[in-house]
Amino acid sequence: MSITSKRLRKLVATGALATSVALVLAGCGARAGDEASASSKSAGPSCVDTSGSTIKLGFLNSLTGGMAISEKTVSNVLHMAADEINAGGGILGKKIQYVQEDGATDWPTFAEKTEKLLTQDCVAAIFGGWTSSSRKAVKPVVEKNNGLFFYPVQYEGLEASPNIYYTGATTNQQIIPAMDFLASKGVKKLFLAGSDYVFPRTANAIIKLYAAKLGIQIVGEEYVPLDKDDWTTQVAKIKAAKPDFIFNTINGSSNVGFIKAYYDAGLTAATTPIISVSIAEEEAPAMGHEVTGHYASWNYFQSLKSDTNPKFIESWKAYPKSSGVTSDPMEAAYISLYLYKALVEAAGSFDVNAVNAAAKSKPITFAAPEGTVTLDGENHHISKPGHIGQINASNQFDIVWSSDKFIKPDPFLNGYDWFPANVRDQLVKAAG
């Protein structure tokens, strides 16, 4: 458990948080423009070398440990994007020379590798991560050194940093669409199952607040550490609660243990369906059990019909390191490298401050496989469509629900009346 989670548990135990967030046990980051800006201003001179024909970039992914099941593909698609960009002439005429590091599903390792990439390898930007714990380990390091980190995975929101660009979904682009879908299905009883770290704890706190607005009862909430896969006791509680749906915020290989316990308990997609926010095309066939009929909330599916998706799928399937299927997180990682290219070219410079100024001064867009995304230069998130997919027998997703338009990012949920400002502020303050 992180220091942040321990602090929040203590606050809960002493009644220091409001009742509406009494079960929130996760962290939130600083808003853009707070102490993060001050730390970046105090960073020493950059050691990035732009004098030659190449530019160094860092790729930081868990290639070992429990998150390798998901992060290896993110690493490989970053390699593919770099190869494509290099074949097209590079960035400002410079070919990408990437330095690959293994975060090893260990948050201190993510911090250490970030420091190395920025101060020893002198990379211009870093791309990677998956869990919120890995991002939170990276965040103070890139802020201290005024580096850039491009984070490609959906997360719990409540964060914005001048040194991080978020190309995965924030809460209002994935969690809220999932809840709207459940409400449209007439769901009245919902059980929350998650890994015991930042993203699931915070996401579930937000789910509970929105569930109250929608008239959905939360009939249980269980967590298992990210590196554990025995869900037998927790699934027994799910079975006893008889929910209409299970909202799954489990990450990595722990999902395999959850799905095994789920079917061992006699639960089925027909009686107790699951909606997940971390199982995609990459993970579905690795569950060790057929998962046909269950659901996932993402912003991209391989089955998505868009003008740009067929070429992306074709390129990925032909790539030597391809897993054979595309997915939301790897598509968001693909976006991240091209978004960086667009930012640098808009700035005419690899300098971090110049890149951030360009983000604010003009619309930065990219024709992504999910459709044309637009960067919000203030909060460093991008617009995204919302989709719900149902897993079919081929471990692909049939899209059964979509938002009527691209959803603008609102990481602090400022536009939602059921998420009070005092609750938001307590969470940010508690996280430090």
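Modeller: This is a predicted model. A residue is called buried under 20% relative accessible area, exposed over 50%, and partly exposed in between.

Biologist: With those cut-offs, is Cys47 buried, exposed or partly exposed?

Modeller: Cys47 has a relative accessibility of 34%, so it counts as partly exposed.

Biologist: And which class does Cys122 fall into?

Modeller: Cys122 is buried, because its relative accessible area is 16%.

Biologist: How many disulfides does a search of the whole structure find?

Modeller: The search finds one disulfide. Cys47 and Cys122 form it, with their sulfur atoms 2.2 Å apart.

Biologist: Where in the chain do these two cysteines lie?

Modeller: The pair links distant parts of the chain, 75 residues apart. Cys47 sits in the loop between helix H2 (35-41) and strand E1 (54-61), while Cys122 sits in the loop between helix H4 (107-119) and strand E3 (126-128).

Biologist: Is the disulfide of Cys47 and Cys122 left-handed or right-handed, and why?

Modeller: The torsion about its S-S bond is about -110°, so the disulfide is left-handed.

Biologist: Let us turn to strand E8. Is it enclosed or open, and why?

Modeller: Strand E8 covers residues 245-249, and five of the five are buried, so the strand is largely enclosed by the rest of the structure.

Biologist: Which way do the residues of E8 point?

Modeller: Phe245, Phe247 and Thr249 point one way, whereas Ile246 and Asn248 point the other way; all are buried.

Biologist: What pairs with E8?

Modeller: Strand E6 (residues 189-195) runs parallel to E8 and is joined to it by five bridges. Strand E9 (residues 274-276) also pairs with E8 in the parallel sense, over three bridges.

Biologist: Which residues stand across from Phe247?

Modeller: Leu192 is the bridge partner of Phe247, and Ile275 in E9 stands opposite Phe247.

Biologist: How does the chain cross from E8 to E9?

Modeller: The chain passes through helix H9 (residues 254-264), and this β-α-β crossover is right-handed.

Biologist: One last topic: what is the span of helix H6?

Modeller: Helix H6 (residues 171-184) has 14 residues and reaches 19 Å from its first C-alpha to its last, close to the 20 Å expected at 1.5 Å a residue.

Biologist: How many residues of H6 are buried?

Modeller: Eleven of its 14 residues are buried, and the helix is mostly covered. Among them are Ile175, Ile176, Met179, Phe181 and Leu182.

Biologist: What follows H6?

Modeller: Gly186 follows H6, and its phi is positive, near 80°.

Methods. Residues numbered from 1 in each chain as written. Predicted model: local features only at pLDDT ≥ 70, side-chain atom pairs only at ≥ 80, totals over all residues. Heavy atoms only, no water. Disulfide = S-S within 2.5 Å. Helix = DSSP H or I, 4+ residues; strand = E, 2+ residues; numbered from the N terminus. Buried < 20%, exposed > 50% of the residue type's maximum accessible area, 1.4 Å probe, protein only. Expected span 1.5 Å × (residues − 1). Pairing = 2+ DSSP bridges. Right-handed = clockwise from strand over helix to strand, strands pointing away.
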